[in-house]
Amino acid sequence: MGSDSTIFPPFLGANDKVAAFTPEICRSVEAYHVDNITYKGFKAYTYTADFGDMSSDPQFKCFCTTPDTCLKKGVHDLTNCVGAPFIASLPHFYLAHPDYMNAVYGMNPVKEKHEIYSVFEPMTATPVYAHRRLQLSIALHPIEIIEFMKEVPDVVFPILWVDEGIELNKKILDKVRIIFTLSTVMDVFKWISMIAGMGMGGASAFILKKMKDGMSVDVAPGQKPQTITPIEVNSRY
């Protein structure tokens, strides 16, 4: 489910969600509407997303290595996707279950730095600004047969996180503004056409009424209207 993260259905509504398939994690990420803003002069919607909850959401159950080992909220098991015990999440386990953050020293999730954030122009569904952030961690477990792994805690240990961002430049934004200009012109033309049509209809009705009034015959009080006898015309043919 979802697009390739470059093209989205136009005419976004405030209640619409935006889904994009992310091949790196073998699934779609669904973003939901947060706020209405003005971005560089035009109306825009802001969206954010998270990784959901594998333990309770049926659509993500297939990523659990076993039915009894589903991870908690905010992280995504990539074992079945990449064939290695990697875990995806937002950086510093932002929006994830507190157990993951508390198990690793130095975690400090900050909304502005670590959330997935995007700005869409709703009419064209153009993403004009976005930050896609992803943290990769590895699931560590104690291994008794390996000496230096015996004391390893059972923890999801972060390895790295990345921040991919886009911001449309002025040249592209000007093309988006052209669409708005054409839309405004069409709206104005629509109303002008409606008003002109109503005016022409009213004028036609007025002229028709005047024509009917001009064809009427005035009859004095008490006088019967004259009957017009048709003239019979004999034809030679």
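Modeller: What follows is a tour of the rings, then the core around them, with a quick stop at the cysteines.

Before we start, this is a predicted model, so to speak of local features takes a pLDDT of at least 70, and side-chain atom pairs count only at pLDDT 80 or more, while totals for chains, interfaces and linings use all residues. Residues are numbered from 1 along each chain as its sequence is written, and side-chain values use heavy atoms, with hydrogens and water left out.

Let's begin with the rings. Rings of Phe, Tyr and Trp (its six-membered ring) pair when their centres lie within 6.5 Å; planes under 30 degrees apart are stacked, over 60 edge-to-face, and the rest tilted. That rule gives six aromatic pairs here. One of them is Phe8 with Phe120, an edge-to-face pair with 5.1 Å between the centres and 85 degrees between the planes. This pair ties together distant parts of the chain, 112 residues apart: Phe8 comes in the segment before strand E1 (18–22), and Phe120 sits in strand E6 (residues 116–121). (Strands, E, of at least two residues and helices, H or I, of at least four are DSSP runs, numbered from the N terminus.)

Are these two buried or exposed? Both Phe8 and Phe120 are buried, where buried means under 20% relative accessible area, exposed over 50%, and partly exposed in between (1.4 Å probe, protein chains only).

Phe120 has another ring partner: Tyr47 pairs with Phe120 edge-to-face, at 5.4 Å centre to centre and 75 degrees between the planes. Here too distant parts of the chain are linked, since Tyr47 belongs to strand E3 (residues 42–49) and Phe120 to E6, 73 residues apart. Tyr47 counts as buried because its relative accessibility is 0%, and Phe120 does so because its own is 3%. Elsewhere, ring pairs join Tyr39, Phe42, Tyr117 and Tyr129 into a cluster.

Now for the core. A nonpolar core is a set of buried Ala, Val, Leu, Ile, Met, Phe, Trp, Tyr and Cys residues joined through side-chain atoms within 4.5 Å. The largest one has 19 residues, and Leu12, Ile25 and Tyr47 have the most contacts inside it. At least two residues of this core come from each of E1, strand E2 (27–39), E3 and E6. E3 gives the most, three residues. What does Leu12 touch? Setting aside residues up to four places away in sequence, Leu12 touches Val18, Tyr45, Tyr47, Phe120, Pro122 and Ala125, where contact means heavy atoms within 4.5 Å. Apart from this core lies another, of 14 residues, including Met54, Val75, Ala96 and Val155.

Last stop, the cysteines. The structure holds two disulfides, each being a pair of cysteine sulfur atoms within 2.5 Å. Cys26 and Cys81 form one of them, with sulfur atoms 1.9 Å apart. Cys62 counts as exposed because its relative accessibility is 55%.
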